[in-house]
Amino acid sequence: MRRLLQLLAAVMLMACVTVPMSAQRRVTPVTPNDPGTRPQVSDVKQTIDPSRLVTTTDANGNTVTVDTVTGLEYVDSTLLKAPPKMIYPLLHQVVVGVNVWDPIMRALGQQYGLGDVWGEVSLHNRYFPFFAVGVGNIDTTPIGKNFTFRTPVAPYFKIGASYNLFYNSNPAYRLQVGMRYGFSSYKWSVIDATVDEGYWQDPSVYSLHDLSHTAGYLELTFGIKVKIAGNFSAGWTLVYHSVMHESRSEYGKPMYIPGYGKRNGAFTGNFSIIYTIPINKKGAREVNDFKDVD
C-alpha cells in the first residue's frame, strides 16, 4: 500500500509539471529558436491566426487588433509612427508682399506714409526670415499747432523673422508671431513755427530746414495670412513698436520716423497683398485632409 501511494504521488507530480508545459506549448504562437527565449512581436505578427483576432478602437480612434490568446495588441505599422516634427521641406516657398496699409490710410485722410515691399523665405513652413524696404514722408500741420512738419520721401529698411504657429497645417493659412528691426536715415523740417514773445511783444516766426536724423526701432508682430485665389493671399498684421535708438538734436525729437509712423501711439497695423512662389512641391504632402497645400 505504501509503495502504491508513493507511485500515485509520483504520477501526480509528473502530471502537474507536464500539463502546464504542454498548455504553454499549445498557446505560444511561435517556436523560439532557443529554449526559454521570449517570442518577439515581429515573430508573433507573422504567425498570428486571424480566427483568434478581435478588432477594437482605442481612445485616439486607431483600429487595434487583439490576440485573444496572448493578449498582445497591434496597430497597423503606419499608424504606429509618430507624426514628423516638420513635414514640409527646408526650402519650401518664397513669399513676397506689398504693404498697402499706408496708401489706403492716405486715401482716407492720413498725411504720412507711402508703403513698402517685403519678402520672406519659408523654412519648413515654420520659420520665415523677413526683409522689407519702403519709403515714407510727411507734410502736415497738426490740428491746434502753430507749425508745419515736413519730411521728404525717405527710405527705410526692416529685417526680422516670423514663426508660424500652424507649421504642420495647410501653408495657405498662417497664424504667426514675429520680431523685426527697422531703420531709417532721413531729414526733417519745421516750417513757420510761431513763438509768442509774451505780453506786448509781437510773436516771432522761425523755421528749421533739413535737419538730419537717424532712428532704429523694434516691432513685435501678430498676424494672419489667408488664401484669396491661386497663389495670391491677403495678410493682416498687428504691430507693437518702440524706438530703440536715434540721433540727438538740440531742437528735440521729430514727430515722424519713416516706416515707424508718428510717435503718438505704440500700436499700428499692416495690410498686405501677398504672392507665393513654390520652391519645393515634392517635399510638401497633404495635411489634415487639405488637398491643396501649395
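How many salt bridges does the structure hold? I looked them up and got four. I kept in mind that this is a predicted model.

**Overall picture.** I started with the protein chain as a whole and found four helices and 13 strands. Of its 294 residues, 32% are buried. I then turned to contacts with a separation of 6 or more, and residues 24 or more positions apart account for 61% of them.

**Asp139 and Arg150.** Here I read 3.3 Å between the closest N and O atoms of the salt bridge. Asp139 sits in strand 6 (residues 127–140) and Arg150 in strand 7 (residues 148–164), so the pair links parts that are 11 residues apart in sequence.

**Glu219 and Lys158.** My next stop was this salt bridge, at 2.9 Å from N to O. Glu219 belongs to strand 9 (residues 204–229) and Lys158 to strand 7, so the pair ties together parts 61 residues apart in sequence. Are these two buried or exposed? I found both Glu219 and Lys158 buried.

**Arg263 and Glu246.** I also looked up this salt bridge, where the closest N and O atoms are 2.5 Å apart. Arg263 lies in the loop between strand 12 (261–262) and strand 13 (267–278), while Glu246 is in strand 10 (residues 232–246), so the pair joins parts 17 residues apart in sequence. For Arg263 I noted a relative accessible area of 30%, which is partly exposed.

Definitions and conventions. Residues numbered from 1 in each chain as written. Predicted model: local features only at pLDDT ≥ 70, side-chain atom pairs only at ≥ 80, totals over all residues. Heavy atoms only, no water. Helix = DSSP H or I, 4+ residues; strand = E, 2+ residues; numbered from the N terminus. Buried < 20%, exposed > 50% of the residue type's maximum accessible area, 1.4 Å probe, protein only. Contact = heavy atoms within 4.5 Å. Salt bridge = Lys/Arg side-chain N within 4 Å of Asp/Glu carboxyl O.
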